[in-house]
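I opened this notebook to record what I looked up in one structure. The entries follow the order in which I went through the model.

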Amino acid sequence: MTAAQADLSAEFLEVSEGLRIDRPEVADGAALWRIAKDSEALDLNSSYSYLLWCRDFAGTSAVVRAEPDGRPVGFLTAYLRPERPHTLLVWQVAVDAAYRGRGLAARLLDAVAARVAAEHGVTGVETTITPGNTASERLFTSFAARHGATVEREVLFDTRQFPDGPHDPEVLYRIGPLEHTA
């Protein structure tokens, strides 16, 4: 791990003046739900799930906080796959509209990957992306390039598997091995 990557794993990471990356707390759950809802790109989970996520998966997730009040303006939720404990599954990444275009999603992804690699020996990242979500496709393919990793894609869940009406397929992106974990 390089010094820059080690810096990414710090508990509190200042990403620019007035913004820092931090671990989420239960009190952040409502803000994460709102950011996801306002994104108009993510599948919105129940508000309860965001509260649980902040409680149970804070170690593999992160928020971007705006100073001076510390309110979340972006987040990344992720977990370690039970059957593949060296794989980080990124569930959702979202940034409040007023803070987009600053590279915050990429910084969140780098910070969480570095922290979880240092703590758990993660060597790969997975996520699912619906076809046509070019922002997410760019985020994860550029992450792979920054970390010297390959990207494999395959349909994980076909349209017919979703019981709640029309849903685009979810394409699994497997990224690894990550260079910074070697």
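Entry 1: The model I am working from is predicted. I began with the loop between α2 and α3, where Glu-40 lies. Glu-40 is not a glycine, yet I found a positive phi of about 60 degrees for it. I noted for reference that most residues other than glycine have a negative phi, and that most peptide bonds are trans.

**Entry 2: cis peptide bonds.** I next looked up peptide bonds in the cis form. Pro-68 sits in the loop between β3 (62-66) and β4. I recorded another cis bond from Gly-176 to Pro-177, where omega is near -10 degrees. Pro-177 belongs to the segment after β8.

**Entry 3: α2 against α3.** I then turned to helix packing. Two packed helices are described by the angle between their axes and the distance between the axes. How do the axes of α2 and α3 cross? For helix α2 (residues 29-39) and helix α3 (residues 47-56), I read that the axes come within 8 Å and cross at roughly 125 degrees. The angle makes α2 oblique to α3. I noted the crossing of these two helices as right-handed. On the α2 side, the contact is made by Gly-29, Ala-30, Leu-32, Trp-33 and Ala-36, and on the α3 side by Ser-47, Tyr-50, Leu-51 and Cys-54. By class, I listed seven nonpolar and two polar residues in the contact of α2 with α3, and no charged ones.

**Entry 4: α4 against α5.** I looked up the same terms for another pair of helices. The axes of α4 and α5 come within 10 Å, and their crossing angle is roughly 50 degrees. The two helices, α4 and α5, are therefore oblique to each other. I recorded that α4 passes α5 in a right-handed crossing. From α4, the residues Ala-105, Ala-106, Leu-109, Asp-110 and Ala-113 meet Leu-139, Phe-140, Phe-143 and Arg-146 of α5. This contact of α4 with α5 has seven nonpolar and two charged residues, with no polar ones.

**Entry 5: the largest pocket.** Last, I searched for open space. Rolling a probe the size of a water molecule over the atoms shows where empty space is left. I noted about 1,100 Å³ of space in the largest pocket. Its lining has 41 residues, and those closest to its centre are Leu-42, Trp-91, Gln-92, Thr-128 and Ser-136. Which elements give two or more residues to the lining? I listed the strands β4 (71-81), β5 (84-95), β6 (124-129), β7 (150-157) and β8 (170-176), together with the helices α4 (104-120) and α5 (134-146). The largest share, seven residues, comes from β5.

Note on methods: Residues are numbered from 1 along each chain as its sequence is written. This is a predicted model: local features need pLDDT of at least 70, side-chain atom pairs count only at pLDDT 80 or more; totals for chains, interfaces and linings use all residues. Side-chain values use heavy atoms; hydrogens and water are left out. On a 1 Å grid over the protein atoms alone, a cavity is a set of points where a 1.4 Å probe fits but cannot get out, and a pocket is an open set with protein on both sides within 12 Å along at least five of seven lines; lining residues have an atom within 4 Å of a point. Grid points are joined across faces, edges and corners, and a volume is the space filled by probe spheres set on the points. Helices (H or I, at least four residues) and strands (E, at least two) are DSSP runs, numbered from the N terminus. Axes are lines fitted to C-alpha atoms, for helices over the stretch in contact, and angles run from 0 to 180 degrees between N-to-C directions. Angles under 35 degrees count as roughly parallel, over 145 as roughly antiparallel, 65 to 115 as roughly perpendicular and the rest as oblique. A crossing is left-handed if the near helix is turned anticlockwise from the far one by less than a right angle, and right-handed if clockwise. Contact means heavy atoms within 4.5 Å. Ala, Val, Leu, Ile, Met, Phe, Trp, Tyr, Cys and Pro count as nonpolar, Asp, Glu, Lys and Arg as charged, and the others, Gly among them, as polar.
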